[in-house]
Amino acid sequence: MKTQHTKIYQLLAFFLFSAIFTSTAQEKPSFEWSQYYNTTSIGMLNPKLGLASDQGFVTYSVEPIPNKTFGNHIYIQSFDPTCKIIADTKVALPILDAKEAIYLNTLSTANQLLIFSYLPVKGKSNTLFVQVYTFGQSEISAPKTLVSFPIEKTSNSGDFLFAVSEDNQNIGVVAHLPQIKKGQEQLTFHLFDANTLNELEKKDVTLNYKSKKAYDEVLYLTNDKKGLLVKTVDKNKTTPKTVIVSLQTNQEVTANELPKDDFFVITSKIIETTKGPMMSGFATDLWKGAVANTDRKSKYAFLYDITTQKTLIKHAWTKEVSKKFLGKGFTNLTLKNVIVDQNDIYLIGDRYKEDATAIPGKSFEYDYEYFNGPAIVVKFNVTGELLYESYFEYSQRFKNREQQIGSFCPTLIDGKLHLFSSINMTELSDKLITMDHGEYTLNHTIIDDQGNQVSTPIFDDEVGGKKSSVNFCPNTLIKASNTTFYTKAIGKTRQVFGKMIIK
């Protein structure tokens with residue numbers, strides 16, 4: 001039971017934060033919203049936001065084709081800064097031998113979307129295509145063939161990995177060639193100019209690994225045009241290896257393994273720093289081959305220098321954090337993001353779990369339940385010094401499409417880390433939290449240089465809270481400038497896109 005003193009302390013904390021927030025933001029954020037769109041409308045079934053700038057933003061929706069097992073339609077809309085549609089298009093994927101290419105993924109540069117697709121044709125070739133969408137246009141470019149290699153059958157057709165460098169200047173592609181029985185892994189590494197799509201370099205590579213489908217690999221392309229292929233080897237054994245293969249067309253291929261010594265990488269991301277490329281993420285000291293990655297218990301946050309092949313820091317969770325989490329490590333800890341700010345590195349993790357339950361009487365239909373929270377922020381500098389560990393305490397449970405209301409968005413504003421998350425209105429009104437869908441608004445948390453957190457709810461007349469019919473989706477927030485963001489909000493049958501300005 002809360003005492004009178006407790007309530008007084010809560011009021012003092014609220015007023016103190018209000019003063020802090022007023023001094024930094026001066027006034028509450030302003031919002032501008034689009035018209036409402038039906039969540040079942042073609043072209044708006046699964047919209048993601050991208051290409052945020054002062055000129056506006058785009059949404060792109062990848063939607064299954066009705067009555068077809070395979071295949072997708074892709075729809076793209078451009079919105080101006082007032083959240084009005086200024087252009088929309090339906091993407092026509094490439095056709096080869098009267099067959100439509102298979103959609104792979106969409107990446108972005110500074111002001112363009114790159115839509116990748118591929119098509120394996122038996123007895124001929126496997127081909128990787130790219131198409132370009134430029135903000136504000138009503139058409140998409142003609143398909144461009146990036147890579148093509150011969151195949152005999154579609155069941156052994158190889159595959160593709162691709163990445164855009166952080167400076168948006170180049171595209172890297174790794175093409176895994178068809179498997180060779182009792183042979184070694186063969187691939188080609190290609191470098192393209194992101195603006196012209198012209199191939200700059202190509203390298204044929206044979207690696208010292210068995211030829212097999214490369215399901216556990218990620219490609220990263222540095223700003224100095226080096227491809228870094230991160231491989232998880234022997235994942236189902238008790239001693240897996242994380243291998244970083246360096247691919248540069250004018251240099252010898254090199255591979256290095258992260259230190260073993262009871263240190264196994266669960267999830268990671270490669271980042272550009274002032275001291276070159278590094279890897280940061282979460283690791284454990286015990287590996288059970290049959291356990292899914294998301295179920296592993298993380299014990300460490302780490303920073304690894306790829307150039308020197310040294311682990312700069314292996315930070316074990318503090319007793320305080322372990323006690324809060326009721327265990328010696330985080331299970332289901334996923335990598336939310338790694339943000340680099342000059343010499344500082346923010347490693348951000350979110351506990352996430354998904355459960356699926358078959359719907360009685362229906363074939364292959366499921367109810368999905370999603371669990372988020374708590375989260376953790378670990379701040380290093382590029383030399384591996386721990387600056388702080390900050391535990392972000394929140395807990396959410398959503399079902400099916402309402403998952404979009406959950407989780408949080410981390411971003412930097414004026415050199416400080418800000419977390420935007422959804423918060424249940426019943427929690428703000430000091431009532432018991434209802435676990436079913438209710439009214440949510442946006443919660444704004446600022447973490448200072450010592451890892452201390454101060455939070456305040458953000459209300460808007462149209463979105464968030466009991467008076468509105470749609471709730472913020474903080475996970476969709478994208479940054480246009482230091483203080484301008486675009487986001488999405490959803491209700492039971494409709495959705496809306498908006499601009500938020502932190503003043």
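1. Strand 13 and strand 14 form a hairpin, with five residues between the two strands. In the turn, Asn168 has a positive phi of about 65°. The model is a predicted one.

2. The pairing of strand 13 with strand 14 (residues 170-176) is antiparallel and runs over six bridges. Within this pair, Phe160 has Ala175 of strand 14 as its bridge partner.

3. Buried here stands for under 20% relative accessible area.

4. An open sheet is made of four strands in the order 9-10-11-12, with antiparallel pairing. Strand 9 (102-108) and strand 12 (144-150) are the edge strands, each pairing on one side only. From one strand to the next, the twist averages 20°.

5. Inside this sheet, strand 10 (residues 112-121) pairs with strand 11 (residues 125-134) over ten bridges, in the antiparallel sense. Ser117 is placed opposite Phe129 of strand 11.

6. The largest nonpolar core holds 19 residues, and Trp317, Phe330 and Ile376 have the most contacts inside it. Elements giving two or more residues to this core include strand 22 (276-284), strand 24 (300-305) and strand 27 (333-341). Strand 28 (344-358) and strand 29 (366-381) are also among them. Strand 29 provides the largest share, three residues.

Key: Residues numbered from 1 in each chain as written. Predicted model: local features only at pLDDT ≥ 70, side-chain atom pairs only at ≥ 80, totals over all residues. Heavy atoms only, no water. Pairing = 2+ DSSP bridges. Axes fitted to C-alpha atoms, helices over the stretch in contact; angles between N-to-C directions. Core = buried A, V, L, I, M, F, W, Y, C linked by side-chain atoms within 4.5 Å. Buried < 20%, exposed > 50% of the residue type's maximum accessible area, 1.4 Å probe, protein only.
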